[in-house]
Amino acid sequence: MDATDDGKPRCAWAMRDPLMRDYHDREWGRPLHGDAALFELLSLEGAQAGLSWRTVLVRREAYRRAFHCFDLAAVAAMGDAEIAGLGADAGLIRHAGKLASVRDNARAALATGGLDGFLWGFVEGRPIVNHWTVPGEVPARTDVSDRMARELRKRGFRFAGSTICYAFMQASGMVNDHLMACFRRSG
């Protein structure tokens, strides 16, 4: 791990790109709560499948506009024509299955009775703190993300496999995977 021009050591993935560095420094790994906020992040992680996180991050505002700021009830109420129309929005990743999954996942999320408590329940309400020293130690999935993915699929969620769930857990602060030398490790 090297320091960037500001002298702060960061996780390696955040070193080269200013957008990714800002995301790392301000958001990634901080405990995130609230049904809409968690639903947004889970939806964006699903949109990322097969793509880079940067590709999704630059489209986040378009997703917020298209999906009613991730208000679960509003997204769940979206009709087929509205979802199909999103395929014309160049600001989105225009994969029909991924776009439809956001609406379908909103419906499944409403059935949880509280997405925040449901998702944070997989880590018993507090972050799992790992002690990685090099990027190669960080897994792509874990037993906990496997359980989360199984339960989400059982409840009807799509684009929520174990790798997506683990990335979601890292980003939402359910897992602290900042490398030991990263300045964001503890705060």
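I looked up the second largest pocket and found about 200 Å³ of space in it. I took a pocket as an open set of points on a 1 Å grid over the protein atoms alone where a 1.4 Å probe fits, with protein on both sides within 12 Å along at least five of seven lines; lining residues have an atom within 4 Å of a point. Of the 14 lining residues, Tyr23, Glu27, Leu32, Leu41 and Arg60 are the closest to the centre of the second largest pocket. H2 gives the largest share of this lining, four residues. I noted eight nonpolar, no polar and six charged residues in the lining of the second largest pocket. Nonpolar covers Ala, Val, Leu, Ile, Met, Phe, Trp, Tyr, Cys and Pro, charged covers Asp, Glu, Lys and Arg, and the others, Gly among them, are polar.

The model is predicted; local features need pLDDT of at least 70, side-chain atom pairs count only at pLDDT 80 or more, and totals for chains, interfaces and linings use all residues. Residues are numbered from 1 along each chain as its sequence is written, and side-chain values use heavy atoms, with hydrogens and water left out.

I then turned to the largest pocket, with a volume of about 470 Å³. Its 22 lining residues include Trp13, Trp28, Val138, Ala167 and Gln170, the closest to its centre. H10 supplies the largest share of that lining, six residues. I recorded 17 nonpolar, three polar and two charged residues for the lining of the largest pocket. Helices here are DSSP runs (H or I, at least four residues), numbered from the N terminus.

Notes:
Points joined across faces, edges and corners; volume = space filled by probe spheres on them. Helix = DSSP H or I, 4+ residues; strand = E, 2+ residues; numbered from the N terminus.
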